[in-house]
Amino acid sequence: MKIRYDSSVNQIKKGAIISYLAICVSMLSGLLYTPWMVKQIGVNDYGLYTLASSLISMFLIDFGISEAVTRFISKYNAEGNQKKVNDFLGLIYKLYILIDLLIFLILIIIYFFIPIIYSKLTPAEVEKFKIIYLITSTFSIVSLPFITLNGILSSYERFKTLKLCDLINKLMVLGLTVLALLFGYKLYALVLVHAFSGLIIIAIKLYYIRGNLPVKVNFRYKDRSLLKEVFSFSIWATVSTIANRFIFNVTPSILGAISGSRQIAIFGIASTLEAYAYIISGAVNGMFLPKVSKILAKKKDGQHVLPLMIKVGRIQYSIIGLIFIGFTLVGKEFIYHWMGEGFEWAYYCAILMMLPGVFRVPQQIASVTIIAMNKVKIQALVYIIVAVLNILFSSILSRYFGAIGAALSICIVYIVRLIIMNIIYYKVLHINVFSFIKEAYIKMAPPMIITYVFGILINRFTVYSLRAFIIKGTLIVLLYIILLWNISLNNYEKSLFKRVRGL
């Protein structure tokens with residue numbers, strides 16, 4: 001068991017390192033490539049691209065089955081029963097094919113209603129959108145059944161391979177898109193590149209699993225009782241995933257129906273910045289499910305997860321705190337130098353969307369515990385309520401304030417969700433959230449507060465320029481790190497920064 005534990009720890013460390021490499025690629029490509037790409041295809045086409053991506057991603061989900069795959073395969077592996085693994089995967093793939101056919105019918109219906117749904121788009125924009133919709137929807141139908149590959153790799157704790165595929169995908173998309181735009185191809189090339197890269201990554205994962213894991217799918221297997229068990233586990237995870245994605249992914253459609261492509265583009269830039277903040281601070285989230293499951297296997301109560309939640313949460317809070325404070329102080333200048341004029345409102349949108357994440361991201365271990373303890377039904381009900389509230393608020397606020405109204409809606413509903421989920425963590429999972437708030441939020445807050453006050457003073461005596469932006473940004477980061485090191489970090493946390501193997 002010791003060997004397996006060390007292997008798991010090494011996989012998490014390597015997966016984390018590769019995750020941060022992928023994040024660096026995403027950020028650098030976003031900083032250097034996105035403004036150029038927007039200029040190449042135009043702001044309105046970028047809005048259409050954002051709209052198509054958000055619409056299709058609402059359907060391109062794993063329906064909770066990847067989590068079921070990880071959970072059941074891990075169980076069968078512990079029992080040493082490979083036959084059950086193969087039989088289970090055969091059942092899962094047949095279930096995915098049925099889901100795929102259903103989504104295919106839904107996407108066909110949506111296609112014929114595009115001019116009605118997106119009435120604010122011009123006739124020319126509608127025709128362009130139809131083409132990219134066909135490309136992205138076709139890719140989603142083809143790739144959907146292979147989402148299970150992520151669950152297989154996770155269940156065998158092959159985090160290194162999983163994260164490496166993500167990194168390769170990002171590099172491939174970036175390289176091929178740049179080449180396509182340099183050769184004069186526009187909007188359609190962007191969509192085709194993403195689809196092509198996605199198919200290549202699927203092929204790589206299939207090749208790796210076939211050559212390195214003892215997995216042989218048995219498509220002939222039938223078991224109604226197991227299917228019922230899987231369905232009961234995944235149905236609420238599906239509802240939860242859909243409702244969670246709905247908040248961000250439905251917003252461009254609301255803006256398309258109410259405000260037009262310009263507001264979609266502004267929202268797209270802001271949501272990209274929010275996504276960067278989230279993935280930087282939560283790069284290792286998905287790798288803690290096996291560890292939480294082991295804790296709960298020995299002690300069936302969520303209170304025993306608190307030490308891990310505090311340990312991980314403090315680190316994530318310090319990272320997301322720097323990002324939020326830094327962006328609040330120099331974000332307006334950053335967007336100006338990054339995207340140029342015309343995207344000023346993206347700064348305020350991004351701040352509104354980032355704010356709930358400052359407190360939500362550090363609680364990811366609690367979110368994982370929800371899954372491990374199979375309490376996803378409660379979470380799903382909360383997410384449904386919040387998603388409905390977002391549609392209501394966003395429809396009203398976007399009509400009067402455009403993208404800023406949509407961002408305000410997201411901020412409000414996420415704060416509401418955060419409060420409700422903390423009540424659930426405390427009442428249902430028995431996690432002492434008050435202890436977490438004290439150890440994480442309160443003890444790690446002083447460096448953020450002092451840095452923010454310092455940054456405000458600097459802003460009062462400086463003007464807009466690239467040189468001033470770089471100097472201010474550097475001073476803010478250095479001050480925050482110094483304060484964090486001397487005021488908030490404990491010996492364990494300092495060791496993580498001193499040696500990579502401390503991850």
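1. The terms here are buried for under 20% relative accessible area, exposed for over 50%, and partly exposed in between, using a 1.4 Å probe and protein chains only. Lys443 is partly exposed too, at 39%, and its side chain meets that of Glu439 in a salt bridge (3.2 Å, N to O). A salt bridge here means a side-chain nitrogen of Lys or Arg within 4 Å of a carboxyl oxygen of Asp or Glu.

2. Some housekeeping before going on. This is a predicted model, in which local features need pLDDT of at least 70 and side-chain atom pairs count only at pLDDT 80 or more, while totals for chains, interfaces and linings use all residues. Residues are numbered from 1 along each chain as its sequence is written, and side-chain values use heavy atoms, with hydrogens and water left out.

3. The overall picture: the protein chain has 23 helices and zero strands. Both are DSSP runs numbered from the N terminus, helices being H or I with at least four residues and strands E with at least two. Of the 503 residues in the chain, 53% are buried. The chain exposes about 23,700 Å², and carbon and sulfur atoms supply 68% of that. Accessible areas come from the Shrake-Rupley method with a 1.4 Å probe, and for residues only the protein chains shown count as cover.

4. Taking pairs at least 6 apart in sequence, 84% of the contacts join residues at least 24 apart. Contact means heavy atoms within 4.5 Å.

5. How many salt bridges does the whole structure hold? A search finds four. One of them joins the side chains of Glu333 and Lys472 (2.5 Å, N to O). Glu333 lies in helix α15 and Lys472 in helix α22 (residues 466-488), so the pair ties together parts that are 139 residues apart in sequence. Glu333 is buried, at 3% relative accessible area, and Lys472 is buried as well, at 4%.

6. The side chains of Lys83 and Asp87 meet at 2.9 Å, N to O. These two residues both lie in α5, four residues apart, or about one turn of the helix. Lys83 is exposed, with 58% relative accessible area, whereas Asp87 is buried, with 7%.

7. Helix α5 also turns up in a nonpolar surface patch. The patch covers about 800 Å² and is made by Phe104, Leu105, Ile108, Ile109, Phe112, Phe113, Ile116 and Ile117. Patches are built from residues with over 30% relative accessible area and no salt bridge, joining like charges within 9 Å and nonpolar side chains (Val, Leu, Ile, Met, Phe, Trp, Tyr) within 5 Å. Both α5 (82-112) and α6 (114-117) supply at least two residues each, and the largest share, five residues, comes from α5. Phe112 lies in α5 and counts as exposed, at 61% relative accessibility. As background, nonpolar side chains in soluble globular proteins tend to be buried together.

8. The largest nonpolar core has 127 residues, of which Phe88, Phe129, Ile152, Leu273 and Phe327 touch the most other members. Helix α15 (residues 306-339) gives the most to this core, with 16 residues. A nonpolar core is a set of buried Ala, Val, Leu, Ile, Met, Phe, Trp, Tyr and Cys residues joined through side-chain atoms within 4.5 Å. Leaving aside residues up to four places away in sequence, Phe327 touches Leu273, Lys332, Phe334, Ile335, Tyr347, Ala350, Ile351 and Met354.

9. Is α16 largely enclosed or open? Twelve of its 17 residues are buried, so α16 is largely enclosed by the rest of the structure. The buried ones include Tyr347, Ala350, Ile351 and Met354. Helix α16 (residues 344-360) bends by about 25 degrees at Met354, and Pro356 follows within four residues. The bend at a residue is the angle between axes fitted to the seven residues ending there and the seven starting there.

10. Two last spots to look at. His430 has a positive phi of about 65 degrees although it is not a glycine. Most residues other than glycine have a negative phi. His430 sits in the loop between α19 (403-427) and α20 (433-442) and is partly exposed, at 43%. Pro307, in helix α15, counts as exposed at 56% relative accessibility.
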